[in-house]
Structures are given as structure tokens and as C-alpha cells.
Amino acid sequence: MKRVYVARHPLEAHLVKGLLEAEGIEAFVRGEDLFGARGEVPVTSETCPSVWIVDDDLFEKAEEFVLAYSRGQVPARAKSRSWRCPRCDELLEPQFTECWQCGATRPMGR
Ligand SMILES: [Zn+2]
């Protein structure tokens, strides 16, 4: 088991866990029970909720994925969702990288 992510909030930890599991990486959250104790214990990476993976062999993949997430990049699966054109508000299928209506480029990130 390896820790791949330290979250600022239990919800964030669960979000990352969900994203990893969507990638086929078994993950779990630790330390969320300590979250309520903040104020009494010093806030360190040990007292923040953290995301761990079960299979050490997947650590590099998980770490890469979490790094992308923390940079605000959209995970691969999220990219396969439909998107809405920022210019003309057309809803577009995930395979398009440009709006067929107005030609606007698909925005990256969230
Ligand atoms: Zn458009």
C-alpha cells in the first residue's frame, strides 16, 4: 500500500479515490476520522485525509494521474464526456475537438 495523495478535505480525498477507481486502481481513504480533530492536532500530511492505493505496482500510474489532477488537468475519463461550446453553447459529443457550429476550439481543463 502506498499513499498517492494528501487532500485538504475528506471530500477531496474521496473524489481522488473515485477518480483512481474509475481508472481501475483500487484505492482507499485514510485519516478522514482525524479531520474532525483538527484544531487539537497539528495540521500535517499525517493528519490530513490521504488517498492510498492497494497495489504498489500501480503506484507510478496512480501518481501520474494524481499529479495531473492536482494541476487541474481533466482525467482521461472526464475527457470522454460531452462538452458545451463556450461561444455558442452547443452541446458536443466527446469525439469533437472543435465546435461544428461555430468552430470554437474545445476548452481544456475544467
Ligand atoms: Zn460553438
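# Zinc site and ring contacts

The model is predicted, with local features needing pLDDT of at least 70 and side-chain atom pairs pLDDT 80 or more, while totals for chains, interfaces and linings use all residues. Residues are numbered from 1 along each chain as its sequence is written, and side-chain values use heavy atoms, without hydrogens and water.

**Zinc site**

- The zinc ion has the protein donors Cys 85 (SG), Cys 88 (SG), Cys 99 (SG) and Cys 102 (SG), 2.2 to 2.3 Å from it; a donor is an N, O or S atom within 2.8 Å of the metal (3.2 Å for Na, K and Ca).
- The arrangement is tetrahedral because the four donor atoms subtend angles of 105 to 117° around the zinc ion; the term requires all angles of four donors to lie between 85 and 135 degrees.
- The spacing of the donor residues in sequence is C-x2-C-x10-C-x2-C.
- Cys 85 also counts as buried, at 2% relative accessibility.

**Aromatic pair**

- There is one aromatic pair, meaning that ring centres of Phe, Tyr or Trp (its six-membered ring) lie within 6.5 Å.
- Tyr 5 and Tyr 69 have ring centres 5.8 Å apart and planes at 80°, so the pair is edge-to-face, a term for planes over 60 degrees apart.
- Tyr 5 and Tyr 69 are both buried.

**Charges over rings**

- The charged end of Lys 2 sits over the ring of Phe 59, 5.1 Å from its centre; the rule asks for NZ of Lys or CZ of Arg within 6 Å of the ring centre and within 35 degrees of the ring normal.
- Arg 30 has its charged end over the ring of Trp 52, 4.4 Å from the ring's centre.

Methods
Four donors count as tetrahedral if all angles lie between 85 and 135 degrees; four count as square planar and six as octahedral if opposite donors are over 155 degrees apart and all others between 65 and 115; anything else is irregular. Buried means under 20% relative accessible area, exposed over 50%, partly exposed in between (1.4 Å probe, protein chains only). Rings of Phe, Tyr and Trp (its six-membered ring) pair if their centres lie within 6.5 Å; planes under 30 degrees apart count as stacked, over 60 as edge-to-face and the rest as tilted.
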